[in-house]
Amino acid sequence: MNWNITPNKQPWYGFTEDQIFGEIMSDPEICKYILRIIAPEAKIKHIYPPNKQREVKDPGYRKQKDVRLDVLVEDEKHNLYDLEVQTSDKGDLGWRMRYYASKIDQRYTLPVGKTYRDLRKVTIIFICTFDPQKKGKVRYEYESFEKVDKSDQLNDGIKKIIINTKGKQDGIGPELAALVNLANNKQVHLNRIFDKIQKKIVDINNDPKRRDEIMDYETKLLEREQDGKEEGIRQGIQKLIAALRDFGATNAQILKRLEQDYGDQFTKKELKDFMKQA
């Protein structure tokens, strides 16, 4: 099995590619094993079939941001585990984890007629190909504690775990080290389950149809991200125009400012159209 990525070969889709990750983690045996590595204290005995790429949205609030969960898992105690892969550091991981947890609570954890004590426990897990906390650790775990007395736990049922695949592996167990190496596209020789995972990865990479599906998926994600950025820029322009008008700027002054800030992205005609729409 060749796990190396070289300029002269097709890109290698490894464990941290969304479609690969979802496919592998939809196998209950693999998913339970990976969960036990990441959250051993949970002592998971059984999981229900994992749900991959589960979209969580509220039709009643269309302006609210929707989320698509990579893998959502329920154990025998009905606790929920959200496993995500994050390959780009946007500086918002903590906020992202908070929002994912809120969406899961909204959809899954408290049926009508139940009390707050019936809330399910939720663990948000992000496997990151970067170190969001910049401390070099492989595994970070966060819960709610009193600021001064750490023995005073809030018991809100929410836990957040970050696996940093670029962290120092000193002092971590062989299974967690193997998971980190797998995420870094390194071959792992540990046990039957890791062999099974790697065979799945190789099989998908050797299947032209699956590779095309992954490439199409990644292209759509990139287009969606670009569309979102452009929409954000347009909103920023509208806000700038409104602010300049509040300060009494003339149309000529506003247009000059827009050309300075956005002239490399939009034509003069487009900027004038923004002014008409504002």
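Where is Lys43 found? Lys43 lies in the loop between α2 (28–38) and β1 (51–56); helices (H or I, at least four residues) and strands (E, at least two) are DSSP runs, numbered from the N terminus. Before we go on, note that this is a predicted model, in which local features need pLDDT of at least 70, side-chain atom pairs count only at pLDDT 80 or more, and totals for chains, interfaces and linings use all residues. Residues are numbered from 1 along each chain as its sequence is written, and side-chain values use heavy atoms, with hydrogens and water left out.

Back at Lys43, the backbone has a positive phi of about 50°, although this residue is not a glycine. Lys43 is exposed, with a relative accessible area of 63%. Here exposed means over 50% relative accessible area, buried under 20%, and partly exposed in between (1.4 Å probe, protein chains only). Lys134, in the loop between β4 (122–128) and β5 (139–142), also has a positive phi, of about 60°, and is not a glycine. Lys134 counts as exposed too, at 60% relative accessibility.

Now let's turn to the interior. A nonpolar core is a set of buried Ala, Val, Leu, Ile, Met, Phe, Trp, Tyr and Cys residues joined through side-chain atoms within 4.5 Å. The largest one has 41 residues, of which Phe15, Leu83 and Ile197 touch the most other members. Elements that give two or more residues to this core include α1 (18–25), β3 (80–86) and α5 (192–205), while α2 supplies the largest share, seven residues. Leaving aside neighbours within four places in sequence, Ile197 is in contact (heavy atoms within 4.5 Å) with Phe15, Ile24, Ile30, Ile34 and Leu182. A second, separate core of 18 residues includes Val67, Ala101, Ile104 and Phe130.
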